[in-house]
Amino acid sequence: MFRVLVVDDDKNTRYFIKEALELERYMVFTAKSAEEALDIYDKQFIDILIVDIMMPGTDGYELTRQIRASNKDLLVLMISAKQLPEDRKKGFHVGIDDFMTKPIDAEELVLHVRALLSRGKTAAGRRMQIGDVEIDYDSFTVTRRGEAHELPQKEFMLLYKLLSSPNKIFTKIQLMDEIWGVDCETGVETVAVHIGRLRKRFDGWEEFEIDNIRGLGYKAVIKV
């Protein structure tokens, strides 16, 4: 099930979009501000972000910019009553994938969302198979011989990143920027903490391991 995060300070708009997408069997989260959206985004995996431009505090442009700093794959559909070419151009400059003007037509909205998702990662592309281990990006789970292990979001994203490029060495700074974002105030030592948890969690597994390359960073080694 695809997960959608709708960010708009207008209650009626949030409700309208949520209803339209839930009828199509999407899982929909809503937020009335960028700050609330970031809190949800940090706790839930999101496939597509639908964001209004004009909101109190952080606007839709800045929210998109912040999320793009750490996630280049998230699909972003911007909605706004603004219709000038400059508004669209600014949206695409900060990293949106599509733009719709208000008022929103429910059928057209669904078509835009479907088109974006069809161009994004497919469900099959969000799963990784390594021997008897299946890694599912949608559920943050690592399943081995029928036993599922659900990981915290950051741990899972670290593991997925490393296993997606086996034998490639990533520095702590690279991993920090990609998983936590370039503006995150947390120190790079948090990467070592999360890597330590992953190594302990999967210690003894014959399918893969995470190696600490002294003075350089970390890499995943596939052993099957």
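Reply:

Helix α6 is mostly covered, with 10 of its 12 residues buried (under 20% relative accessible area; over 50% is exposed and in between is partly exposed, using a 1.4 Å probe and protein chains only). This is a predicted model, in which local features need pLDDT of at least 70 and side-chain atom pairs count only at pLDDT 80 or more, while totals for chains, interfaces and linings use all residues. Residues are numbered from 1 along each chain as its sequence is written, and side-chain values use heavy atoms, leaving out hydrogens and water.

You can follow the buried residues along α6: Gln153, Lys154, Glu155, Phe156, Met157, Leu158, Leu159, Tyr160, Leu162 and Leu163.

Now for the rings. The whole structure holds eight aromatic pairs. In one of them, the ring centres of Phe156 and Tyr160 are 5.8 Å apart and the planes meet at 25°, so this pair is stacked. (Rings of Phe, Tyr and Trp, the last by its six-membered ring, pair if their centres lie within 6.5 Å; planes under 30 degrees apart are stacked, over 60 edge-to-face, the rest tilted.) Both residues belong to α6, which runs over residues 153–164, and they are four residues apart, about one turn of the helix. An α-helix has 3.6 residues a turn, so residues three or four places apart point the same way. Phe156 and Tyr160 are both buried.

Elsewhere, look for the open sheet of five parallel strands, ordered β2-β1-β3-β4-β5. Its edges are β2 (27–31) and β5 (98–101), each with a single partner strand, so one side of each has no neighbour in the sheet. Inside the order, β1 has five of its five residues buried. Arg3, Leu5 and Val7 point one way from β1, whereas Val4 and Val6 point the other way. β1 and β2 pair in the parallel sense over five bridges (pairing needs at least two DSSP bridges). Val7 has Ala31 in β2 as its bridge partner.

Notes: Helix = DSSP H or I, 4+ residues; strand = E, 2+ residues; numbered from the N terminus.
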